[in-house]
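Me: I'm new to this one, could you walk me through it?
Reply: Gladly, let's have it in view and start.

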2 protein chains.
Amino acid sequence: MLSIDHLHGSLTDPVLDSVNFLNEVMGRYPDAISFAPGAPRPAPFDDSVAAGHIRRYLRHLREARGADPEEAERLISQYGPARGLINDLVSQALRTDHGIDVAPESVVITVGAQEGMFVTLRALFSPGDVLAVAEPCFVGILGAARLLDIEVVPVSETDDGIDLDQLAGACRDARARGQRVRALYVAPDHSNPSGTLLDLRCRRELLALAHREDLLLLEDNAYAFTAAPDQELPPLKALDGGGRVVLIGTFAKVCLPGARVGYVVAGQDVRHGDGRSAPLAELIAAVKSMVTVNTSPVSQAVIGGMLLERGGSISALGEARAAEYRQNLRHLLQALDQRLSPGSTGIPGVSWNRPRGGFFVRVRVPVRADAELLELSAAEFGVLWTPMTHFHVGDGGTNELRLSCSYLSHAHIDEGVERLAALLDHVVCGARERNA
Amino acid sequence: MLSIDHLHGSLTDPVLDSVNFLNEVMGRYPDAISFAPGAPRPAPFDDSVAAGHIRRYLRHLREARGADPEEAERLISQYGPARGLINDLVSQALRTDHGIDVAPESVVITVGAQEGMFVTLRALFSPGDVLAVAEPCFVGILGAARLLDIEVVPVSETDDGIDLDQLAGACRDARARGQRVRALYVAPDHSNPSGTLLDLRCRRELLALAHREDLLLLEDNAYAFTAAPDQELPPLKALDGGGRVVLIGTFAKVCLPGARVGYVVAGQDVRHGDGRSAPLAELIAAVKSMVTVNTSPVSQAVIGGMLLERGGSISALGEARAAEYRQNLRHLLQALDQRLSPGSTGIPGVSWNRPRGGFFVRVRVPVRADAELLELSAAEFGVLWTPMTHFHVGDGGTNELRLSCSYLSHAHIDEGVERLAALLDHVVCGARERNA
């Protein structure tokens, strides 16, 4: 048997362990109502849908980019540049949707946002650099940092954003140790797992702090499109006058997870050790070429066709789904109000936030929301959720859980909340009765 | 401007510099005949071709895997398991084509062979581990090792394989330094860049050495399918009784580079630091989940459909192309014989190997085959090739060049060899005349 001694924690990674644990529990209780996975709502997708999008993209290559038919086919079937094929469409969409003015050359098309995070970290971080993350935190960025042996320091979220004093303190502490906080990972729009929205003031102050502390902001905008059009806030990238923000996006939540297409926007100039300067996007593409060569041009063609069908707008592409997500979220909050609020049949010590976008609600409970409670919840009450501890670097989140409602029906949401209430009744009120 | 001080060599990487340099030269001389890129021959690919393959794969999910229509669509359009979707088909193909008996659970589907190499290195290597590579060496593995800060030690290729004494010496030297050679990267079948084929004896001796020295073999079989059926040698993996070989493959050369689908076969059990054991494939999939989450199921569906169309055989899938590649190779060798062999109008000191598969011929020349010569070759003689120095870790390969003939017409091969001969006439014989 092979022996692996120093695994830098890959298989024994707490992040993975928690994901595996969740999958394992879901596998054992297939009939439970699950508030666990943050999966996009499925849409019809078969050979004819795929063909329609590829056909439309091939036409775009011929008409807008002047490719002859053979050349257009070659572009979607052969290797291609590491930086991508549909960079022009992404650049155009960011201008249309968010007023972000980026050249196609500043965009790198990646295998989802996950590869975007991974290659950006590898391009930017040197030994001794520290990554700050808004906590609770998306596990994907923690996994990427883990693989690259990058030290992570958590900064607490607040109700309206993140704790900027804590962030400034983390920067000072790192300097005192001879290190530096190179970047903060933050999802300003209804983040996974807590649904937190950074308000406009927090966005501006964060940018000012990034400038003062010589810090980059890795902005994950996976859930940006889920807000109602009249409640959208400008992305950090749109407010960024000083080249402080690297924007990381994905088409997974908007239209097609199975395409695995995301993007990084990184137009800022970078001066290298040898004195040369080049756009950061070029460096990120160079790193990407050594990880996956390029993102599948076939997948890019499908996404390109989808974008073109909706006038080149990512917002338009995600519009119908976003409305459904918001309906589900409102329904979940209503169900929580009716069943769990103190005024009704509620359980003391239970509270939750009220996101207006994204997939997630953060629920605080007066008991430990751990693996043992989840097991009981699945086995005896038929309802699944995610312990918030999974999203903490350290020991936090023990009394919180994440509810995801992105793909459930309203009836399932009602029934799921009913079961969750029964669980909490049992452990909170039952414990009180037993103690009485 | 951002400043990046310690880039671990990413942008200033010699591997990348050489690739960029080649692309840049090709860009400036678009009309030159190019023996440079090792690109697969393009095949027709449009929306209806893609649709046919996706339709066939959806049918397979329904009929062979019992999925209902909605579930089948969900499998190709949603996120999926990190280890992949078409593992059953790859496992079956390896059994059919090579008699390699691997369970689907031992297979991880990756974003091309490049990601396969990257995640395998990350899963296997600990600090202090060294990667041996057969030299001259494919730049992709050097790039992956570079990103992961893995030390590389080159081992020379011979005419029939690799220098096993040198490899054993490298293992001893590493041990003496308190390190270990964890694995050897080797492409036994007509490797890129030299076209070298490991003969059967070398394969068996290499496996015995791997066992003695407690070494893994990372077998890249990208060009395995290009041999004539009666001249195929068994892959190292098929000869591997002791779990020494990790097989890394790709569909890029066989059918569709634009799908970016490859695979890793790693069924061996691994004992971890904490005493648990698990198949290596599980660990590799865990690493992959933090790099790209999963390989595009849409791309996997296209490749799955292509495999099913050809009875589930990778060899059958690549058969027609492989015959064309061999014809081109024979034509190139004939042209070299006619124009450059000593008996004819040849130039003294020029020789080449005679691969019977793959894309590449290695040519030795009596002058420095460097950037300056390539510039002259492109500007004055209209022919491009790759300096073999690009594929060396150290200073080797200065008097060699790589010719690739995978996608040229016979007429272009003839004309290209004519131009190459004119260049060599000029620099070799011209220099002699000037010196006389």
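**Talking through the model**

Me: Which residues touch the most other members of the largest nonpolar core?
Reply: This is a predicted model, and in its largest nonpolar core, which has 86 residues, A:F251 and B:F251 touch the most other members.

Me: And what is B:F251 in contact with, leaving aside its neighbours within four places in sequence?
Reply: With that stretch left out, B:F251 is in contact with B:V90, B:L256, B:V261, B:Y263, B:I303, B:L307, B:I314 and B:L317. Another core, of 77 residues, lies apart from that largest one, and its members include A:A144, A:L216, A:V246 and B:L280.

Me: Switching topic, how do the strands of chain B line up in the open sheet?
Reply: There are 7 strands in the order β3-β9-β8-β7-β6-β4-β5, with mixed pairing. In chain B, β3 (107–110) and β5 (151–156) each have a single partner strand, so these edge strands each have one side without a neighbour in the sheet. From one strand to the next, the twist averages 20°.

Me: In what sense do β4 and β5 of chain B pair?
Reply: Strand β4 (residues 129–135) of chain B pairs with β5(B) in the parallel sense over 6 bridges, and B:A134 stands opposite B:V155 in β5(B).

Me: Which strands does helix α4 of chain B lie across?
Reply: Helix α4 (residues 87–98) of chain B lies across β3, β8 (245–250) and β9 (262–265) of chain B, running at about 115° to β3(B). Helix α10 (residues 280–291) of chain B touches β3, β8 and β9 of chain B as it packs on the sheet, and its direction makes about 25° with that of β3(B).

Terms used. Residues numbered from 1 in each chain as written. Chains lettered and ligands numbered in written order. Predicted model: local features only at pLDDT ≥ 70, side-chain atom pairs only at ≥ 80, totals over all residues. Heavy atoms only, no water. Core = buried A, V, L, I, M, F, W, Y, C linked by side-chain atoms within 4.5 Å. Buried < 20%, exposed > 50% of the residue type's maximum accessible area, 1.4 Å probe, protein only. Contact = heavy atoms within 4.5 Å. Pairing = 2+ DSSP bridges. Helix = DSSP H or I, 4+ residues; strand = E, 2+ residues; numbered from the N terminus. Axes fitted to C-alpha atoms, helices over the stretch in contact; angles between N-to-C directions.
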